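Please look over the chain below. The report that follows walks through its fold, its helices, its strands and its charged pairs.

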Amino acid sequence: MASPAPVVDRHATQPLIETLRACTHDVFGTMVGTALAEGTPLVGDALRPQSNVVGQIGFGGSSSGLVVFYATFAGARAITCSLLGLDTADEPSKPEVADAIGEITNMIAGSFRTRMATEGDAWAVSIPTVTMGSDFYMTALTDGQRTMLPFRMDDHEIFVELVITTKVRRT
């Protein structure tokens with residue numbers, strides 16, 4: 001008989017969520033040059049963002065999981081133009097957009113890792129992966145807690161998701 005899946009303590013993950021939120025604001029304020037408006041975080045699988053460009057980075061430390069960044073093509077294009085110093089009338093290439101979203105995801109997750117490591121625990125992050133397309137949704141192949149942080153950047157909705165995985169005890 002299989003044992004029940006471990007449960008993530010939501011109170012224990014709240015500092016992680018607040019840190020990720022702060023990191024997202026800082027990265028957009030300093031690197032994209034815009035302030036983000038934020039919505040109410042959603043826990044679980046209730047929200048499936050309408051996104052076309054998704055960046056993802058795994059992390060490990062005293063907690064492990066994923067940081068996932070979601071944007072529409074239009075939102076990702078606006079972020080790319082800002083990062084590359086392009087005019088808003090310019091049309092960045094798909095590789096430029098993928099690189100920009102990978103870099104934004106990397107900056108958010110890297111800042112998250114750095115802040116969490118100040119607690120004395122060693123943290124590490126993976127390299128970013130970016131998926132582009134339509135009508136898809138990213139899901140982690142693990143039990144755990146998913147928290148979606150919705151933001152608005154001008155006319156564009158973006159989302160940053162924190163997936164905290166449960167620890168698996170190996171025998």
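How many helices and how many strands does the chain have? The chain has three helices and eight strands. Helices (H or I, at least four residues) and strands (E, at least two) are DSSP runs, numbered from the N terminus. This is a predicted model, in which local features need pLDDT of at least 70 and side-chain atom pairs count only at pLDDT 80 or more, while totals for chains, interfaces and linings use all residues. Residues are numbered from 1 along each chain as its sequence is written, and side-chain values use heavy atoms, with hydrogens and water left out.

## Overall layout

Along the sequence, the elements follow the pattern α-β-β-β-β-α-α-β-β-β-β. The chain has 171 residues, and 42% of them count as buried. Buried means under 20% relative accessible area, exposed means over 50%, and partly exposed lies in between (1.4 Å probe, protein chains only). Contact means heavy atoms within 4.5 Å. Among contacts between residues at least 6 apart in sequence, 68% join residues at least 24 apart.

Helix H2 covers residues 73-84 and has 12 residues. From first C-alpha to last, H2 reaches 16 Å, close to the 16 Å expected at 1.5 Å a residue. That expected span is 1.5 Å times one less than the number of residues. The buried residues of H2 are Gly 75, Ala 76, Ile 79, Thr 80 and Cys 81. Gly 85 follows H2, and its phi is positive, near 70°.

Two packed helices are described by the angle between their axes and the distance between the axes. The axes of H2 and helix H3 (residues 94-117) come within 9 Å and cross at roughly 80°. Axes are lines fitted to C-alpha atoms, for helices over the stretch in contact, with angles running from 0 to 180 degrees between N-to-C directions. Angles of 65 to 115 degrees count as roughly perpendicular, under 35 as roughly parallel, over 145 as roughly antiparallel, and the rest as oblique. H2 and H3 are therefore roughly perpendicular to each other. On the H2 side, the contact is made by Ala 76, Ile 79, Thr 80, Leu 83 and Leu 84. On the H3 side, Glu 96, Val 97, Ala 100, Ile 101, Ile 104 and Met 107 take part.

Arg 113 is also found in helix H3. Arg 113 is partly exposed, at 26% relative accessibility. Which residues does Arg 113 contact, leaving aside its neighbours within four places in sequence? They are Trp 123, Ala 124 and Val 125. The C-alpha atoms of Arg 113 and Val 125 are separated by 7.1 Å, with the two residues 12 apart along the chain.

## Strand S7 and its partners

Strand S7 (residues 144-153) is mostly covered, with eight of its 10 residues buried. Two strands pair if DSSP finds at least two bridges between them. S7 pairs with S1 in the antiparallel sense over two bridges. There, Ala 37 has Arg 152 of S7 as its bridge partner. Strand S2 (residues 42-43) also runs antiparallel to S7, joined by two bridges. Val 43 stands opposite Thr 147 in S7.

Strand S8 (residues 156-165) is joined to S7 by 10 bridges, again antiparallel. Arg 146 has Val 163 in S8 as its bridge partner. S7 and S8 form a hairpin with two residues between them. Asp 154 in the turn has a positive phi of about 55°.

## Salt bridges

Side chains of opposite charge can pair when their charged atoms come close. A salt bridge here is a side-chain nitrogen of Lys or Arg within 4 Å of a carboxyl oxygen of Asp or Glu. The structure holds six salt bridges. The table gives some of them.

| Pair | Closest N and O atoms |
|---|---|
| Glu 18 and Arg 21 | 2.8 Å |
| Glu 38 and Arg 21 | 2.5 Å |
| Arg 152 and Glu 157 | 3.9 Å |

Glu 18, Arg 21 and Glu 38 are linked in a network of salt bridges. Glu 38 in strand S1 (residues 37-38) and Arg 21 in helix H1 are 17 residues apart, and the pair links distant parts of the chain. Glu 18 and Arg 21 both lie in helix H1 (residues 10-32), three residues apart, about one turn of the helix. An α-helix has 3.6 residues a turn, so residues three or four places apart point the same way.

Is Arg 21 buried or exposed? Arg 21 is buried, with a relative accessible area of 13%. Glu 18 is partly exposed at 35%, and Glu 38 is partly exposed at 39%. In the remaining pair of the table, Arg 152 is partly exposed at 37%, and Glu 157 is partly exposed at 44%.
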